[in-house]
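Please open the model in your viewer. A short tour follows, stop by stop.

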Amino acid sequence: MEFMSTLGYLPGAVYELQQRGEVAAGPAARGAALPAVLGGQLPRLNADQADAVARAKKYAMEQSIKMVLMKQTLAHQQQQMASQRTQVQRQQALALMCRVYVGSISFELKEDTIRQAFLPFGPIKSINMSWDPVTQKHKGFAFVEYEIPEAAQLSLEQMNGVMLGGRNIKVVGRPSNMPQAQAVIDEIQEEAKQYNRIYVASVHPELSEDDIKNVFEAFGPITYCKLAYGASAHKHKGYGFIEYASLPAALEAIASMNLFDLGGQYLRVGRAITPPNALLGPPAASAMPTAAAVAAAAATAKIQAMDAVASNAVALGLTKLNALGVPPAAALPTLAAALPVSLPVTLPAAMPVALPVTVPVALPATLPAVPPPAAAIPPPGVVIPPAPPRAETASAESEDGGAQAALQRKLLDTSPDTLQQQESLSISGQSARHLVMQRLMRRRVSRTLLLRNMVSPRDVDEALHHEIRDECGKWGQVRRLVIYNERQSEDDDPAHAHVKIFVEFAEPEQASAAASALEGRYFAGRTVRAALYDQDLFDHGDLSA
């Protein structure tokens, strides 16, 4: 042969062979191995040899399936453990978000007073006050734990600095001994921003979901409105969640309805800081049936066997047989001959019971028919009104106009103060709801002006009252003037108290004009800070905001 070297052996692997004549087997050749490699026919096996080859193939396939199942099971267990660790960290973070620290509590206050002050923001799970065994009094601080994080966030925002028992309490988030929890808390809050949800607390027990929805839908379309119910299906817990179709509608509802008097109770409204169903925990893991797991592993083993045969073919250089006019399929055994006819239907004894829930890439040829999606059903309490007809007659328009004018006069002139009157009030149509909210929100316009940094405590005297009343009288009638020395605690020096001056005008426009004129003015070498104060808080004697 021309490619033989002078030393009598091949220098390396040879792939480019050119057949110029008949191929004959030499003395060291085993049967017709060389013709078979070059595309000839393999020798025919007897019955015992064929049976031994079939048993070997079946054993190899069973071992392949066993290894695939073990790898998939281990991968599934690792995935489950990682998911459980994530869920544990998430639940710990949610538990921390439900707690607030309350400090600077007067020693005369009891737990019932703290509970009564913090209960309007949501249901309280527990209150932990540290007691001194010597003095038999608490140490001046407490930990309040709510059932949901939104209640804790609202109390944190609205109770910090409030006067309680003669002292301004301090409300902050509970110190965490888990530094890694902050990253999880930030992740939960970022996830909650994807939804336009608001939290509503201090809901009157007699109000229903439809009542709340009718009031809040004046700010925009509502996609979800749900009150939380306890053991009784007919009595809610006093709080719920509302989801709007747009973010501006949700923000407007928060700004307008927080501390709004509805049914004799002041609503507490804030942005939801958790996604829906965050407190329900992880869903239960479902295991794949045994037969399905074995079939999936068998399909994976088939693919691996085909890849192994193809790799061996490349290593032997059989892909070069095309140059000799011999198809590669003739030199390779078929897939049916290389794989066993029947697959095992039982797992090996060494396999664990848990099976993976992930499906391999190989899928069956036919898939079960997917049922059509069910019709979208609105959430409970959400009523979708039918679209009004486009064509209207002139007489109908005139009648509707007269009815609308009458409804406007009725809504703006009457003022249902009792809960029964508010429930019997008929609200129909988007314009009517806007009129109702316009009348309700009109009572929230403030007539009270708050002046800060105007004088020091030693400058407060009777002459100051007359001077402020005369100065503010330039913008309208002054009904009431209150000068309040605010101290952070009873131990603080009265000379270092903050002087807050409240001026109540007869009309809201007068208070707004005075605030604009007095803001930034200089008085006795000080820069005056003027702003409108919440009218409801002033009427109830709360001067600590």
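**Stop one: helix 7**

Select Leu259, which comes after helix 7 and has a positive phi, near 60 degrees. Helices (H or I, at least four residues) and strands (E, at least two) are DSSP runs, numbered from the N terminus. This is a predicted model: local features need pLDDT of at least 70, side-chain atom pairs count only at pLDDT 80 or more, and totals for chains, interfaces and linings use all residues. Residues are numbered from 1 along each chain as its sequence is written, and side-chain values use heavy atoms, leaving out hydrogens and water.

Now select helix 7 itself, residues 247–257. Its buried residues include Ala249, Ala250, Ala253 and Ile254. Buried means under 20% relative accessible area, exposed over 50%, partly exposed in between (1.4 Å probe, protein chains only).

**Stop two: the cores**

A nonpolar core is a set of buried Ala, Val, Leu, Ile, Met, Phe, Trp, Tyr and Cys residues joined through side-chain atoms within 4.5 Å. The largest one has 29 residues. Select Val102, Ile114, Phe118, Val144, Tyr146, Met159 and Tyr199, which touch the most other members. Among the elements giving this core two or more residues are strand 1 (99–103), helix 3 (111–118) and strand 9 (236–244).

Next, find the second, separate core of 21 residues. Val200, Phe219, Cys225 and Ala253 belong to this second core.

**Stop three: Arg521**

Jump to the loop between helix 15 (508–518) and strand 16 (522–523), where Arg521 lies. Arg521 is partly exposed, at 37% relative accessible area. Show Met454 too: 67 residues from Arg521 in sequence, 9.4 Å away in space, C-alpha to C-alpha.
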